[in-house]
Amino acid sequence: MNHPLLFRTPTGGRVDRSRTLRFTFDGQAYQGYAGDTLASALLAHGVHLMGRSFKYHRPRGLLAAGAEEPNALVAVIRDAARRTPNLRATQVELYDGLIAESQNRWPSLAFDVGAINDFLSPLFPAGFYYKTFMWPRQAWHRVFEPVVRQAAGLGEPPTLPDPDRYAQRYAHCDVLVVGAGPAGLAAALAASAGGGRVVLCDEQPELGGALLDEPASSLGASINGQPASRWLADAVATLSARPNVTLLPRTTCFGYFAHNMLSLNQRLTEHLAAPAPQAPRERLWQVRAREVVLATGAIERPLVFPGNDRPGMLLASAARSLLNRHGVKVGSRVVLVTGCDAAYITALELQAAGVTVVRILDTRPAAAEHVTRAALAAGLMVSANVTVLGTSGRRRVTGLTLARLAATGEVSDRESLACDTVLMSGGYTPTVHLFSQSRGQLRFDAAQQVFVPGVSAEREHSAGACRGTDGLRSTLDEGAAVGAAAAFAAGSRGVLASYTVQALEGSLRGQPGVLPQPGSHPPARAFVDFQNDVTSKDLALAMREGFESVEHIKRYTTNGMATDQGKTSNMNALGFVAKSKAITVPQAGLTTFRMPYTPVTFGSLAGYDRGDLFDPVRPTPSHDWAVAHGVVFEDVGLWKRARYFPRDGEDMHAAVDRECLAVRASVGLFDASTLGKIAVVGPDAATFLNRLYVNNFSTLAVGKCRYGILTREDGFVYDDGVIARLADEHFHVTTTTGGAARVLQMMEDYLQTEWSDLQVWLTSTTEQWAVIAVQGPKAREVLAPLVSGLNLSASELPHMALAHGHLGDIPMLLMRVSFTGELGYEINVPSGHGQRAWEMVWAAGQAYGMTPYGTEAMHVLRAEKGYVIVGQETDGTATPDDAGLSWAIAKSKADFVGKRSLARPTMLATGRKQLVGLRTVDPRLVLEEGAQVAATPNQKVPMRLIGHVTSSYHSAVLGHSIALAMVADGRARIGQTLYVPMPEGEIPVTVTTTVFYDTAGARLHD
Amino acid sequence: MLLIHCPYCGQRPELEFRHGGQAHVARPADPSATSIDEWADYLYLRENPKGLHAERWRHVHGCGRFFNALRDTTTDVFVSTYRCGEPRPDGGSAR
Amino acid sequence: MQKFSAWSLLKEAFGGQQGWQPQWRRATPKAEYDAIIVGGGGHGLGAAYYLAAEHGLTNIAVVEKGWIGGGNTGRNTTIIRSNYLFDESAQLYDHSVKLWETLSQVLNYNVMFSPRGVMMLAHNVHDVQVFKRHIHANRASGVDNEWLTPEQAKAFCPPLNIGDNIRYPVMGAALQRRGGTARHDAVAWGYARAASALGVDIIENCEVTGIRRDAQGAVAGIDTTRGTIRTRKVGVSAAGHSSVVLGMAGVKLPLESFPLQALVSEPVKPAFPCVVMSNSIHAYISQSDKGELVIGASSDAYNSYTQRGSMFINAHTLAAICELFPAFRRMRMLRNWGGIVDVTPDRSPIIAKTPVKGLYVNCGWGTGGFKATPGSAHVFAHTIAHDEPHPINAPFTIERFRDGRLIDEAAAAAVAH
């Protein structure tokens, strides 16, 4: 072992010293104990240098011990595909075999070429990039931006698909308690005692929060006469035993949304050396809580003075946590710089653990008497009313210079102290992130100089340090009171408790801002935002350049925009801005707290929505059969539709030609089950459809079908489909595949909110019917033997007629309809019989060379007949007349949805695009769909265009290409030559009518 | 995700509902008799208040019914939900 | 105006950064202006700049209720492109792209316009048809837009998954190489600085509370939280709050305001070279110069001014991102936020005169206003200066809804069959 464990205490802490874990950091081997974090294990070896800052690549060590850590960001690598950048070493739980790497440095952490930026830093003040890199014009994108990008960023991104799984679940509870420190535990105990459903979550691996930082020795606090650790163990045991309580450690509540919906991220396997292969890595909880208790604690602020960012300079709370949780001493010779009483306790505990506390430097005239007395009694030396002028050391702090600063700016009593560690405490900032996300109004507590929860917006209560409450007893009592109140408000019973506490405690209060310095521009940089390298000079520059709002200052300097989102920097920046402008902190304003509290893995938010589960798959009844017959599917909405059935290495065009010819010559089989189907039933069904559709349905006889067109109120085509009248009061409405849901929604809308007097009932029957289209001149012959008792002759069952019967033993609604122009039937059978019916028809069709065809052939066949597809020929700006469908409009009707709009002058004006056919001179040339149409040849860009090709195919039966197009005044241009400009040259086309095949329609009525 | 009180089914999560735009917009009894401006107003003009908004929701993955709601668009707090045909509970303007 | 350059940076490096001046003057409202722009976003500040720079109107002010650039200008995902379908739209957006290309030099402020290419993914046959229609229409009107096969799309954007192991495989893409991104804050600040230097008063923390009309009904001034200001011309460029401001003059517009969310990941080293959009599955992604993946989500369905949306909207977008870029599944969301987008019935903007004389409006940009900032500001300034629209914004009237002359990009693209 290269690094002896010089900084591990001989005993104590919550680590399991019987379980030694090995790990590497930047290839160097180390060891730690179960219960260590990567950070604590490295510090146990005296390793403070863990990262490089974003902009200046300054060497950085640990600052904090929790989620607020800005400096010690590492990548953890399990394997090539499981590389996670930007993790805080303070939150990486150690496991045996852990591999971690530092980031944003080259070639090594100790020697980083990027640190040249630090020496050039005068050239790179806040916002420098807005002022340069502008010449020549292309240089930003071509030259400078790539350099900036390479220099920016933190860790290396993952490059291989993430093999891990992520789980999600929803939960409901009476009371959600966020944070399992003393306030949260007391709240959960009180809220759950009466049986209410309580969820308690905490981001750390162990419940307890600040109680985990209490020493086990006599120095530590006692609760109800027991050591804090004992009370904690009992509290957790009590909660665990309650069936109505869900305890979620390693679970961060990161988002607070409207109506008490909160999002939690639970980490399940990241702490394990060898997770089960299928075990989910994380789980997203979305919790709807009747009441919420926020017990999220407070975060200590660093002090801002020149050179405050060297490795070995930590928050006092971090040193305390490392000592008492992990048995790790942060250094050998410690100077504490503080503006907060609570830090005195850390100094006392460190000294008791054998660490030399060189001096306590208090930036205030005096600390509270009881902590000062305790410090002096322990033999600690305290200098009050001092400021820090600077520090020394590059990869580790080696010393510090302090002085007294008179109000006049006069410096006296300058003194240098040698040390290997500097602890800082500027007081604590209540963690009000979630409260603020809930849209509660913050209130500025002038005495404490922090923002605390004011008026709640949701059914929520804050307790403990996050509310600015100071002292363990007040925190516990407040937790209990709030927990009981929340349970009561949620309709269950809470049980109040009160606590007795014995502890030496210091107040959490401090003064945010920058320590006063002599002179107007201090010689060295004092860091406010450590990760983003924002100094007090940068903040001053932003103000000098006229950035008034704190939001502007934040954006211009990037203060608070690092991966810690300002947890340690925002209040100091605000204090500095307020003081500089001689205004109060609330006058300076506050930047918005945004979701998430700490970063959340994309995968956990995506959850199960991956692969085939990204969206539901809707298969048709012939799906398995089609797969067995070599189908190529296409996605249409959620449906998998058969696109074509290639045989023997055919490409799509060959397959489609063959399928089309088979339908024209003999018979084809097509699965039309995806068409939307709506049963419109009731005495007023015909009236209802009359009001909606452009057609007249009163005149549709029972047993007949009619092609219907639906426009929106704006007069533009919305949907179409065949509508069958099954009975006087029963219509079977079909819609386009994609339109089924929106047409039903539109129908329900009119029925429920405009015409609620009509007696009509609407039911979606899309999934109830399998629809098998049998199309082609042999269709009747195929079907006749299967439909005993039905006369399929043209006179008995003409085009657009229907019949009820059986297909073999399967009940059937048979509609003689055609989207091919051939003799055709659509067999509707209950979906459960769909596959069997399909196979029956297929078997019967073998004698006629029956060919299955897909949507591509269907498109060609209908285009040969000039039938439109809504959404292909029409695009939401086409009227029925534009699409050549005005014949369908019942002119006699006084009203229908869209009629008024169709009477607007612009709808009747010339120049509207109208559907026409196009023929190319070269019969083999197939126009590209979407190609544009011009009236005159050889135009220069920008061209004057009059339309576009909507559909275009090779027609095998005709032996030439065909196209449909929307062209301005198209119907008046029939016979004219127009031009389709393509990159390879212009294609002349002749305008035709839209019907290319069997113009008389004889085959349809065969 | 909003929590919405369907007057027919009770409180349900937003995913069960579809928003239906402004409430109390009645289709003219005789559209053909409307002027082009009146008709354009009916088609397109909607209230967009910063404050209380009467709007329609449909419990599409539940009872299927349309109903109305009064919601504050500055907080997303529902003041009330009520059945179609019932007047706006705060007596606010209905076109 | 203090000149920004490498030289000025060098000089200030030796001067302790003490020589920098405020980027725009802190103005207090005068009693009267020749014109007032309501709304200090990119569109409003840009309009003020062009009024001063190109139309000689320098006695003008921009009033902003908060801080400039704090609305949608500072909340969007900064995508810039012009490959719209309809000629009216393509002309407007391409006018903007052309101004973007020189904006840093014109303003002497690096807005970091980065033509990294915007690629729109096709996931079904209908997408392919629609994109090809766009491409042909764009080519004929001189707007670049080209079709890429899945393999070409992958070559242009290596993290893209073009395999068939996803629910909606990539069937190709439309690429506009001139499209890209820019630095959103810099656009607001750059326009503000340049406008201020030309004499424009930029007045922050000044909320409009009323619009004054004379006996003939024409605009006579505005009431604000900082007093009444006389003017004969008011240009409203207030995005999500347009309905509220115009309502003060009794003007009702077909607008609804919805929440729209976006998010960024933690910053990483270069991982993503371009902009990718997938309208079909709602994913919009690029990487900022700082290294954050910038991701746009879809909007919530209900009107709201809360600047906050629902979690499931983000979750759906991230699911789509993880499918298309499976390596990013391990990336982490750092920050999420919401804006208020004002949407017209045809999803196209209104840049027009209103029925009230002297009152002009630039609104209805929905989810896509950032890309149009310079072009929209430029033609809006023309409209205000001449009391007549510029030919480019002439189709974007209020009356088009009455007449049914919609410019319906969404309907043209989104109808499935």
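This is a predicted model: local features need pLDDT of at least 70, side-chain atom pairs count only at pLDDT 80 or more; totals for chains, interfaces and linings use all residues.
Residues are numbered from 1 along each chain as its sequence is written, chains are lettered from A and ligands numbered from 1 in the order in which they are written, and side-chain values use heavy atoms, with hydrogens and water left out.

Let us start with chain B. Here you will find one helix and six strands, where helices (H or I, at least four residues) and strands (E, at least two) are DSSP runs numbered from the N terminus. Following the sequence, the order of these elements is β-β-β-α-β-β-β. Along the principal axes, the C-alpha atoms of chain B fill a box of roughly 40 × 30 × 20 Å. Chain B has 95 residues, and 48% of them count as buried; buried means under 20% relative accessible area, exposed over 50%, and partly exposed in between, with a 1.4 Å probe and protein chains only. Take the contacts (heavy atoms within 4.5 Å) in chain B between residues at least 6 apart in sequence: 48% of them join residues at least 24 apart.

Chain B carries 12 positive and 12 negative charges, and their mean positions are 7 Å apart. In this count Lys and Arg are positive and Asp and Glu negative, with His and the chain ends not counted, and each charge is placed at NZ of Lys, CZ of Arg, CG of Asp or CD of Glu.

Now turn to where chain B meets chain C. The contact takes 23 residues from chain B and 26 residues from chain C. Together they bury about 2,000 Å², of which carbon and sulfur atoms give 56%; buried area is the accessible area (1.4 Å probe) that two parts lose on being put together, summed over both. On the chain B side, Tyr44(B), Asn48(B) and Lys50(B) supply 34% of the area buried against chain C, more than any other three residues. Two salt bridges cross this interface, a salt bridge being a side-chain nitrogen of Lys or Arg within 4 Å of a carboxyl oxygen of Asp or Glu. Among the pairs to find is Arg402(C) with Asp37(B), at 3.8 Å from N to O.

Next come chain A and chain C. Here 127 residues of chain A are in contact with 110 residues of chain C, and the buried area is about 10,300 Å², with 57% from carbon and sulfur atoms. In chain A, Tyr130(A), Arg149(A) and Phe602(A) lose the most area to chain C, together 9% of what that side buries. The interface of chain A and chain C holds nine salt bridges. Arg149(A) also forms a salt bridge with Asp289(C), at 2.9 Å from N to O.

Over all chains, the structure has 84 salt bridges. In one of them, Arg82(A) and Asp164(A) bring their closest N and O atoms to 2.9 Å. Arg82(A) lies in strand 6 (residues 82–88) of chain A and Asp164(A) in the loop between helix 3 (139–151) and strand 8 (166–178), so the pair ties together parts that are 82 residues apart in sequence. Asp164(A) counts as buried, at 10% relative accessibility.

Another pair is Glu349(A) and Arg320(A), also joined by a salt bridge at 2.9 Å from N to O. Glu349(A) sits in helix 7 (residues 342–352) of chain A and Arg320(A) in helix 6 (residues 316–326), so this pair ties together parts that are 29 residues apart in sequence. Both Glu349(A) and Arg320(A) are buried.

Finally, look at helix 11 (residues 536–544) of chain A, whose buried residues are Ser536(A), Asp538(A), Leu539(A), Leu541(A), Ala542(A) and Met543(A). These pack against strand 30 (527–529), strand 31 (534–535), helix 12 (550–557) and helix 13 (570–580) of chain A. After helix 11 comes Gly546(A), with a positive phi near 90°.
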